[in-house]
Structure formats: C-alpha cells, structure tokens
2 protein chains.
Amino acid sequence: MISQKTVGRLSLYRRLLNVLAVQGTKNVYSHQLAAMAGATAAQVRRDLMAVGYMGTSIRGYAVDELIKSLGTFLDDPQGQSAALVGIGNLGRAILSYFSGRRPNLSIVAAFDVDPGKVGRVINGCRSYPLDELETVARELDIRLGVLTVPAAAAQSVAESMVRAGIRGILNFAPAPLKMPTGVYVEDIDMTMSLEKVAYFARQGELIRS
Amino acid sequence: MISQKTVGRLSLYRRLLNVLAVQGTKNVYSHQLAAMAGATAAQVRRDLMAVGYMGTSIRGYAVDELIKSLGTFLDDPQGQSAALVGIGNLGRAILSYFSGRRPNLSIVAAFDVDPGKVGRVINGCRSYPLDELETVARELDIRLGVLTVPAAAAQSVAESMVRAGIRGILNFAPAPLKMPTGVYVEDIDMTMSLEKVAYFARQGELIRS
DNA sequence: TAGATTGTTAATCGATTAACAATC
DNA sequence: TAGATTGTTAATCGATTAACAATC
C-alpha cells in the first residue's frame, strides 16, 4: 500500500508537470522536478517508481507520458463525484474553487439544512436540503464528500454521509471525526494551521533575536 | 525544539479542553482527551509533558490550568496580527472564518491588486491595495500572512510579504513557495487533499470488493 | 491496600537520507 | 570514454508504540 504522503506528492508532481507541458518541455530530470516541488531528487524518483514509471538515465522522465501515468494512478477512469455539505461562506468558496477544474473529479451537489440555501444553482452546482443527501448521493453515484459545517454538527452530518454511501471525506470542520474503517478522512483544520504558523513564526524570531 | 505535529495537536487539545470547560468538567484523563482527539493516551501525555505540564495519577489533568498552560505556550502575550493577501472567494471566506475568533490572533488587514476590492471593510477588516502591504504591515506590526492568491502570483506575493516583515505564511495557493530560512510556511493545498480523498476512497472500495 | 492513573525507558516502525553500482 | 543521470541497497533519523516502575 502506498503512503498518504506519497499520494499527496504525486498529485503535486502532476500539477507541476502540467505547467511544464504547457511550456512545451518534453523531458524533465528528477532534480528539476524536486526543485519545483520542494523535495529531493531521490524522493521524486522513489515516488515515481511507486507508480511504476521509470525514467532513463539519458533523458530523465518524459513529461507527457508521466502525466498520463500519474493520471492512470490518481484518477478514476469513470470519474468520481463529490457532494459538499454546509453552504456557508467557506462552502461557497470551495464550490467556486473546484468548479470545473477537473473533469474527472468534481463537486456535483451541495447540501444544507437551511431551506433558504437550497433549490438553487451555485457555481454550476445544484443545492439540496440535507434530508435528500442519501437519495441524491445514490442517484448521482456520489462517493466523496466535502464537509464544511460547524464543528458541533460535523460528526452527525459525517455519519449521514457514510449512510449515503460516501467513502471519503474532506473535512474542514475543526472537529475530529470518528468514522468506521473503510471511510477515509482528510482533515483541513485552518485554525490549527494558523496557530502553527503563529507559533513557529514567533519561535523563529525568538531564535534570531 | 518541539515538532510541528506536536504543536498542531496541542492546538487541537486546547480546543477540546475549551469544550470540556464550557461543560463544567474540572479534570480529564489522558485517555479521555485521546479519545476526543483521535490519538493515544501516551501521545497526549507526551505532548503535554512537552509543554511542561504534568498531571497527577489520581486526578489526571486539571482542565482550567491546562488551558492556561497551553495558552502560555501557544499564544503570544502581546497578540499577533495577520494580513490576508488575495480577496477572492476563498479569501473572503477565510476572513469571515477567523473574524473575531481569537483575541490574540486575528487578521487585521486584507490586500488585493484589484482596485475595486480595496478601501472597504470586509468582516471587520480593512482592505488595502497590495502596494501598501509593506507600509501597513510595519505600521500594524503584522508578522503573519495568509496567502489566497492564484498559484501564478503566489511566489512573488510571498516575497513581498517577507519584505514587509512577515515571518509566517499560511499558504492556500497550490504552489510550493521558496522562502528564506526563518520564514515558516504552512501549506493548505485543497486540490491535493481532495485528490488524496478520491484516491483512498477508491482504494478502500477496491479492497472491499 | 488495590486499582487506575501517571512519567519514563526501551523497542518498533516507517520514512528519509546517503552511498553505491548500473545505464546511456 | 567521461559524465550525468538512473534504480537499488544500507544507514540514519524521528516519531510512535509497548513495557515498565512510580504515584496517589
């Protein structure tokens, strides 16, 4: 099984490779990709070997082929659909952020308990009452969820997501979710992140002074 | 030097402890806190020892004192101010997210290159032209930055943040920043996170089926 | 005391780094 | 060939986990 960190870096490499492809670059060496990704050359090579793609010592890696290999690895050929639950400021921003970015991976429905927020189209995405999550998720074959509700509601909403057949959750709520095995949760805790920044920024200054 | 992971968990523990304090809980055992945080009891104890706070075998940890200890550790007594650069959908959502949450750590100014977005007050936060970053940052003693600009602009904007005296950056732009030592960067890459969720959710289904 | 907790130490695990032989 | 790259293997590092003695 491949590690979470590696999958994250592969996603990053692909994005960087797309930039190179647009620039017309045909080949790239591990150390070049490493410099762009903020990694080491050996790490890049190890990660790419995990995908089963090997470079040559004379040309390094072929950009186009590598993008294709990463696509085979990272993307579902049939495409994957996500639901967003919690249409607040953050939820709306995320809808616009992911709107139409990837054909293979898109948010196709949004949900909220507030009747005033449902029955619309937000950034090309229809909004529904939370009650209908299960029905809509099964109908649209949604297996991924983005959770942008307040912390207090997070656990119970996450549980209904799981009941609706969702197997992966991107959790923005600042609350650890207790989920059954087989459900993958990735936490994005902005408060924690900002506090880390504050702590280490201060620490750096203490050390310097 | 304390690790990034530990600092992150301490931030989480404090939030959980605040919930307990509101409920009127006086004491808490490491295994209780661990269950809430999704960690192990030994890990909680180790983390708290890092702050220099030790529990007793009979009562565990005193909630109020622990919150105070964590505050001493995590917060700057003088308070820390942050600037947000990039007033798009995401930037606005983040301004509202952090608005008035912590007295000791708040976003006090927002910046953008678009003249149409500046000279206003957004969620209690004044917006300025990006040109004025250096002046305003020094005037308001801003040392932290939140970066919510498009990937293409991220590196150059981050460099002007550093010139303005900013020493910690919460980076939402999907681009690795090359920063001088002494500047701490915490990346929140939502695209990468969503792709990880998509990958592991699919993987789980493959394993099950 | 007995029991559940604590802090401490040693063992394990995983990822990263460094050193090396192989390739064109 | 010489040189820069590659994949492979061994060594290092750090964090986590497990086992233990100490405490009330």
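**Entry 1: DNA strand C.** I began with B:Arg45, where a side-chain N or O atom lies 3.1 Å from a phosphate oxygen of DNA strand C. I count that as a polar contact, meaning a pair of N or O atoms within 3.5 Å; within protein, one must be able to donate a hydrogen and the other to accept it, and residues adjacent in sequence count only if both atoms are side-chain atoms. B:Ser30 also reaches a phosphate oxygen of DNA strand C, with its side-chain N or O atom at 2.5 Å. Two or more residues each come from α1 and α3 (41–51) of chain A and from α2 (30–37) and α3 (41–51) of chain B. Helices here are DSSP runs of H or I with at least four residues, strands are runs of E with at least two, and both are numbered from the N terminus.

**Ground rules.** I am reading a predicted model, in which local features need pLDDT of at least 70 and side-chain atom pairs pLDDT 80 or more, while totals for chains, interfaces and linings use all residues. Residues are numbered from 1 along each chain as written, chains are lettered from A and ligands numbered from 1 in written order, and side-chain values use heavy atoms, without hydrogens or water.

Entry 2: I found 18 residues around DNA strand C (a heavy atom within 4 Å). A:Ser57, B:Ser30, B:His31, B:Met49 and B:Tyr61 come nearest. Of the DNA strand C atoms within 4 Å of the protein, 79% belong to sugar and phosphate.

**Entry 3: chain A against chain B.** How many residues does each chain bring to the contact? I got 62 from chain A and 62 from chain B (heavy atoms within 4.5 Å). The buried area is about 5900 Å², with 65% from carbon and sulfur atoms; this is accessible area (1.4 Å probe) lost by two parts on being put together, summed over both. I noted eight salt bridges between the chains, each a Lys or Arg side-chain nitrogen within 4 Å of an Asp or Glu carboxyl oxygen. One salt bridge joins A:Glu195 and B:Arg14, with the closest N and O atoms 2.9 Å apart. On the chain A side that touches chain B, α8(A) gives the largest share, 17 residues.
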